[in-house]
Structure formats: structure tokens, C-alpha cells
Amino acid sequence: MSTIAPETALIYIMVTMSAVDSAMSDNELRTIGDVVQHLPAFRGFDVQRLIPAAKECAAILQEDGGLDAVFGLVKDALPVHMRETGYAVAVEVAAADLAVGQEELRLLQLLRDALGIDKLVAAAIERGARARYMTV
């Protein structure tokens, strides 16, 4: 299996989350762009690589066993200390539409298992996103 950069792994996570319900919304795409531009994990990342990385991920997801392949690449690419960040960016994209569907919840569960994210840590990340996206 080829390796990808940690930043690319985070993009793969966000693209997969956005695509899981077969509809990549403008809010989700905007959130992905915002994360790439502002998260310290992307410092030094060439923003021009965002679209090619997203297209690479989409192509992998179209293949048989694509989700497993993406998760394998992501797990190999992310150092252990960055795996919670991977889960956090997935939650950000899931929350972007202010509603999280069953497909997104299932993908979060699969991602949590693939990355070995503790359930309490995952709950804290999810609660933080819920607080950030709360409306009046």
C-alpha cells in the first residue's frame, strides 16, 4: 500500500465524511476549505493540493473495498498523536450541515474504530462540535 502525507490523510477523512451520504454539500466543502486554511496541522501545506487530493480520495472510494483502502492509508499516514485530529476533522465536516445522518454516524463509528479513538475522547470531540454549531 502506498503512503500518503498526514495532511493528505486528513483531507481523505474529510472527503470521505462529506461523500458518505452521496451529497457533498456547499457547507461541507466550505468547512473542508476552512480547516485546510486554518488548522495548524496544515501549516506549510500547499492549498493547491486540496482538490487533487480530494479527487484521489474520490477515485479510491469508487473502487471495490475503497473505504477500507482509504482507512488503511489514513491509519498508516497519521502518527498516533494526530489520530484524534483526524477524528475531529471528520466531526467538523459531519456537523457542517447542522444535522448528522445515520450514514455519517456509522462512518464516525468506523473511523473511531479504525483509528483507535477512545470512546470518551470521541464523545468530548463530538460535544465540542455540537457546542460550536449550536444555533440560537
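Q: Hi! At what angle do helix 1 and helix 4 pack?
A: Helix 1 (residues 6-19) and helix 4 (residues 66-77) pack at about 145°, and their axes are 8 Å apart. Axes here are lines fitted to C-alpha atoms over the stretch in contact, with angles from 0 to 180 degrees between N-to-C directions. Helices are DSSP runs (H or I, at least four residues) numbered from the N terminus. This is a predicted model: local features need pLDDT of at least 70, side-chain atom pairs count only at pLDDT 80 or more, and totals for chains, interfaces and linings use all residues. Residues are numbered from 1 along each chain as its sequence is written, and side-chain values use heavy atoms, leaving out hydrogens and water.

Q: Which residues make the contact?
A: Helix 1 brings Pro6, Ala9, Tyr12, Ile13 and Thr16, while helix 4 brings Leu67, Val70, Leu73, Val74 and Ala77. Contact means heavy atoms within 4.5 Å.

Q: What else does Tyrosine 12 touch?
A: Leaving aside residues up to four places away in sequence, Tyrosine 12 touches Ile4, Ala53, Glu56, Cys57, Ile60, Val70, Leu73 and Val74.

Q: Switching topic: is helix 5 mostly covered or mostly uncovered?
A: Mostly covered, with 10 of its 13 residues buried, that is, under 20% relative accessible area with a 1.4 Å probe, protein chains only. Among the buried ones are Arg83, Tyr87 and Glu92.

Q: And what covers them?
A: The cover for the buried residues of helix 5 includes helix 1, helix 2, helix 4, helix 6 and helix 7.

Terms used
Helix = DSSP H or I, 4+ residues; strand = E, 2+ residues; numbered from the N terminus. Buried < 20%, exposed > 50% of the residue type's maximum accessible area, 1.4 Å probe, protein only.
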